[in-house]
Amino acid sequence: MQEQKKKKIRSRDITHRMIVMNQMHRRMLECNLEGTGIHRAQHRLLMTLAKHSFASQVELAKFLEISPATVAVALKALKKSEYITQKMREDERGKEFNRRNFVELTEKGRKLVEESCDFFDMLDEQMYVGFSESEKEQLCDYFDRIYENMERLKNAAMEGQNETV
């Protein structure tokens, strides 16, 4: 019997598969969000607020790597849909300070976060059905190496930009 030659897998094919899986994951999230009145970016902000406290919208924007204006628009929509409340912060003497809004999840917001966590747990489990623990560990190692390579490329690109400034 002749040995079949293995088809060489191009790096671009692997990258394409990762992108397609990311798109599928995003579409599944969007389907899960139907009927909530919020879109994916607002959902990301809501999930972030559930895990972290921020002193200002500027801090939140930096954390999410988006503009403060984008945060303001998303918070306005989340407030209108009753997922969050915004209150002026006061110091111990009852005075407002720095005119910063404190953002808090409402019960409706906490419920959506909890349902989303359950959805992500289910999705994560289903994505890796048929994978052994060692295969999942190996996959994580591969992704870590890809990430390190991308970090190196990003840092080299940033150094190149700094030299031209």
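Which helix gives the most to the lining of the largest pocket? That helix is α1, with 6 residues. The structure is a predicted model, in which local features need pLDDT of at least 70 and side-chain atom pairs count only at pLDDT 80 or more, while totals for chains, interfaces and linings use all residues. Residues are numbered from 1 along each chain as its sequence is written, and side-chain values use heavy atoms, with hydrogens and water left out.

**Overall architecture**

- The protein chain contains 6 helices and 2 strands, where helices (H or I, at least four residues) and strands (E, at least two) are DSSP runs numbered from the N terminus.
- Read from the N terminus, the order of elements is α-α-α-α-β-β-α-α.
- The protein chain has 165 residues, of which 22% count as buried (buried is under 20% relative accessible area, exposed over 50%, partly exposed in between, with a 1.4 Å probe and protein chains only).
- Among contacts (heavy atoms within 4.5 Å) with a separation of 6 or more, 45% join residues 24 or more positions apart.
- Carbon and sulfur atoms hold 52% of the accessible surface of the protein chain, which comes to about 13400 Å² (Shrake-Rupley method, 1.4 Å probe; for residues, only the protein chains shown count as cover).

**Largest pocket**

- The largest pocket holds about 480 Å³ of space.
- A pocket is an open set of points on a 1 Å grid over the protein atoms alone, where a 1.4 Å probe fits, with protein on both sides within 12 Å along at least five of seven lines; lining residues have an atom within 4 Å of a point.
- Grid points are joined across faces, edges and corners, and a volume is the space filled by probe spheres set on the points.
- The largest pocket is lined by 15 residues, and M21, M127, Y128, L139 and F143 are the closest to its centre.
- At least two lining residues come from each of α1 (11–33), α5 (107–127) and α6 (133–164).
- By class, the lining of the largest pocket has 11 nonpolar, 3 polar and 1 charged residues (Ala, Val, Leu, Ile, Met, Phe, Trp, Tyr, Cys and Pro are nonpolar; Asp, Glu, Lys and Arg are charged; the others, Gly among them, are polar).

**Second largest pocket and H43**

- The volume of the second largest pocket is about 230 Å³.
- Its lining consists of N22, H25, R26, L29, R40, A41, H43, R44 and F120, which divide into 3 nonpolar, 3 polar and 3 charged.
- Both α1 and α2 (40–51) supply at least two residues of this lining.
- H43 is located in helix α2 and is buried, at 2% relative accessibility.
- Beyond neighbours within four places in sequence, H43 contacts L29, L33, I38, S116 and F120.

**Helix α3**

- L60, A61 and L64 are buried in helix α3, which spans residues 57–64.
- These residues lie on the same side of α3, because they cover an arc of only 100 degrees around the axis, taken from the directions from the helix axis to the C-beta atoms.
- The buried residues of α3 pack against α2 and α4 (68–80).

**Positive phi in loops**

- E65, in the loop between α3 and α4, has a positive phi near 60 degrees and is not a glycine.
- E65 is exposed, with a relative accessible area of 73%.
- E82, in the loop between α4 and β1 (84–90), is likewise not a glycine and has a positive phi of about 65 degrees.
- E82 counts as exposed, at 53% relative accessibility.
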